[in-house]
Amino acid sequence: MSDPILTARGLTKRYSHRTAIAELDLTVGRGETWAVFGRNGAGKSTLIRLLSGLSVPTDGLVRIAGADPRRPGVRRRIGVVGHSTYLLGDLTAEENLLCWCNLYGLDRPKDRVGDWLGRVGLEDYRNERTSVLSRGQAQRLTLARALVPEPEILLLDEPFTGLDLSGAALLREEIGKGGRTTIFATHDVEAGLALADHVLALKAGRDVHSGESGTIGAREVAERL
Ligand SMILES: Nc1ncnc2c1ncn2[C@@H]1O[C@H](COP(=O)(O)OP(=O)(O)OP(=O)(O)O)[C@@H](O)[C@H]1O
Ligand SMILES: [Mg+2]
């Protein structure tokens with residue numbers, strides 16, 4: 001691989017007596033799309049959190065373009081969609097996105113936010129408190145929040161949750177757009193294989209298969225999990 005943008009070496013996360021991620025090595029090239037598979041509790045969310053710098057490894061390291069993902073300059077290059085939406089319920093849809101723009105010191109915040117609310121189909125909810133949004137609407141807004149800084153890397157934990165057909169189509173369009181690198185966790189092995197060019201299968205925190213998606217079928221993945 002010519003140009004890895006994300007690497008993990010010996011990545012390990014332990015929670016008291018439980019090991020959520022064990023000695024994981026990963027090399028992700030610029031522009032690649034990876035699907036991460038695994039049963040409930042296999043370590044997918046833990047991995048996404050470690051790669052995005054939201055969780056600190058017990059051992060090993062993560063590097064994004066050679067730097068620690070927890071460094072402020074690196075964080076803004078990564079768009080994250082987690083298990084939960086983490087929207088501020090008392091703020092409006094627009095205010096939620098503006099907070100993010102301010103955090104990252106983005107220029108033209110109002111224009112960017114207006115643009116993204118339109119792209120995710122929430123322009124009518126601009127002035128609505130996010131506590132009233134439906135699950136799928138909240139997921140659309142969470143996606144907009146991740147994308148508003150136009151990150152080079154997207155780290156997504158079950159990002160299709162709650163999305164309808166047009167929401168899912170929008171997300172598929174954003175994955176890999178303009179050479180973007182994306183890693184997403186999903187339980188939908190067939191859809192994941194179709195969307196990704198690489199796969200990582202986790203079992204009890206360990207890599208039980210990784211490589212190009214064309215080298216393995218859905219049944220074979222499922223058998224390894
Ligand atoms: N904060 C925590 N404290 C203690 N244990 C944790 C914590 N977070 C995760 N774990 C444990 O780590 C393991 C991996 O959890 P993780 O959430 O990464 O799994 P997952 O693959 O995302 O599962 P799911 O498909 O259910 O979302 C589980 O055994 C879980 O109980
Ligand atoms: Mg999870």
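The following questions and answers go through a predicted model of a protein with one ligand site discussed.

Visitor: Does the radius of gyration agree or disagree with that of a compact globule?
Guide: For 225 residues, a compact globule would have a radius of gyration near 17 Å. The C-alpha trace spans about 45 × 40 × 35 Å along its principal axes. The protein has a radius of gyration of 17 Å, so the two values agree.

Visitor: What share of the contacts with a separation of 6 or more comes from residues 24 or more positions apart?
Guide: Buried residues make up 40% of the 225 residues. Among contacts with a separation of 6 or more, the part from residues 24 or more positions apart is 66%.

Visitor: Which element gives the most residues to the shell around ligand 1?
Guide: The shell includes Y15, R18, A20, K44, S45 and T46. Two elements give two or more residues to this shell, β2 (18-29) and α1 (44-51). With three residues, the element that gives the most is α1.

Visitor: How many residues of the shell around ligand 1 are polar?
Guide: Among the residues around ligand 1 are G38, N40, G41 and G43. The shell divides into three nonpolar and two charged residues, and the polar ones number six.

Visitor: In what sense do β1 and β2 pair, and over how many bridges?
Guide: Strand β1 covers residues 4-15. R14 has T19 in β2 as its bridge partner. The hairpin of β1 and β2 has two residues between the strands, and S16 takes a positive phi near 40 degrees there. The pairing is antiparallel, over eight bridges.

Visitor: Is G82 buried or partly exposed?
Guide: G82 lies in the loop between β5 (78-81) and α3 (93-103). A residue needs 20 or more C-beta neighbours within 10 Å to count as buried, and 12 or fewer to count as exposed. G82 has 18 inside 10 Å, and therefore counts as partly exposed.

Visitor: How many Å apart in space are G82 and I48, C-alpha to C-alpha?
Guide: In sequence, G82 and I48 are 34 residues apart. Between their C-alpha atoms, the separation in space is 8.0 Å.

Note on methods
Residues numbered from 1 in each chain as written. Chains lettered and ligands numbered in written order. Predicted model: local features only at pLDDT ≥ 70, side-chain atom pairs only at ≥ 80, totals over all residues. Near = placed C-beta within 6 Å. Helix = DSSP H or I, 4+ residues; strand = E, 2+ residues; numbered from the N terminus. Nonpolar A, V, L, I, M, F, W, Y, C, P; charged D, E, K, R; others polar. Pairing = 2+ DSSP bridges. Rg over C-alpha atoms; globule rule 2.2 N^0.38 Å. Contact = placed C-beta atoms within 7 Å.
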